Amino acid sequence: MARQDILHLLASLPGEYVSGEKISQQLNVTRASVWKQIKLLKEEGFEIEAHTNRGYRLIKTPLSLNEWVIRQMLDTCALGHAIILEDELTSTNIKAKELAREGGIHGEVILAKRQRAGRGRMQRGWESPEGGLWMSVILRPNLSLADASKVTLAASVAIVDALAELYQLRVGIKWPNDLIYNGQKLAGILGEVVGEWNSVQTLILGIGLNANFTRERLGLALKPITLQDILGYEVDLNKLTATILRHLENQVIALEKNLFKELCLNWTARAVGLGSEVKVLRGEQIFHGVFKGISQDGELLLNTEQGTMCFSAGEVQLRAASGQYF
Ligand code: BTN
């Protein structure tokens, strides 16, 4: 008997008790094994009330990542229809690339509760303790290589919108796709192309969002921020995953329909540092100028003393009120 069968039965009668006898009859198992499975479900974080005469009642699903719960909450056409959830992976992006090479489908999602060696942009590491949302999505969109970076811009808009919908948070985007709250990094995106983009058109979209842990858990000198720091409580990572996937799917569909102009407007409306003095780091080089926005190709536009410069890669540092760059 799958534990999920019991869940389906309990969830089909929300708020109601289902007797142990009914469960054992419907699933053709002993009442002792029903009890054992309920115990395991409780260990997974499901809150299930057991009443001697009435039976069992599902009170709450876990906040931690759970495949069954994500599936109940998903309302996408393709994203998340295949899900892999592991307690620990080296990096969900590495796993996603392996799966993509083996034929992983568009929308397949790889999640890990922890990453041993999470990867960030610019060859950096990404600390990934338990409680975060560490997710990679295999995308095979109907787009060209030139549009690959637009998908990561679209993903940053999707995450901002999901956070606004769920927690009414106003999160900004620092070019190209760092998500910033009050000047501190809350989430990042690592987009990687698999194989030859023009022939296989596969993109791995890695999303790292600091969620259910506090920033003290992180060893970084420049401390990022977490949802728990901001909200003061732990969020439902399953709802968060499903909501991000819905927004992401809509953004990718819009891009496929050639609606980059709209994405550009949406991205710009959420950008931080627009019109202010910034530093752009590209390799060893540093450029100073005023951040003017993004071009129709998703490049950063910087007004410098030498004229307007376009950047397709690199990192932006904004100037805080203190005069320090972050
Ligand atoms: C950044 O440097 O801002 C990008 C960080 C991206 C981290 C995520 S966590 C899930 C996925 N797997 C990884 O190894 N990295 C990305």
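Between domain 2 and domain 3 of this predicted model, an area of about 1200 Å² is buried, 60% of it from carbon and sulfur atoms; buried area is the accessible area (1.4 Å probe) that two parts lose on being put together, summed over both. Local features here need pLDDT of at least 70 and side-chain atom pairs count only at pLDDT 80 or more, while totals for chains, interfaces and linings use all residues. Residues are numbered from 1 along each chain as its sequence is written, and side-chain values use heavy atoms, with hydrogens and water left out.

**Domains**
- Domain 2 covers 67-270 and domain 3 covers 277-320, with bounds that come from an automatic or database domain assignment.
- In the contact between them (heavy atoms within 4.5 Å), 14 residues of domain 2 meet 16 residues of domain 3.

**Helix H10**
- Phe260, Leu263, Cys264 and Trp267 are buried in helix H10 (residues 260-270), where buried means under 20% relative accessible area and exposed over 50%, with partly exposed in between (1.4 Å probe, protein chains only).
- Seen down the axis of H10, these buried residues fall within an arc of 105°, so they line one face of the helix; the arc is that of the directions from the helix axis to the C-beta atoms.
- On the other side of H10, Lys261, Leu265 and Ala269 are exposed.
- The partners against which the buried residues of H10 pack include helix H9 (237-256) and strand E13 (285-294); helices (H or I, at least four residues) and strands (E, at least two) are DSSP runs, numbered from the N terminus.
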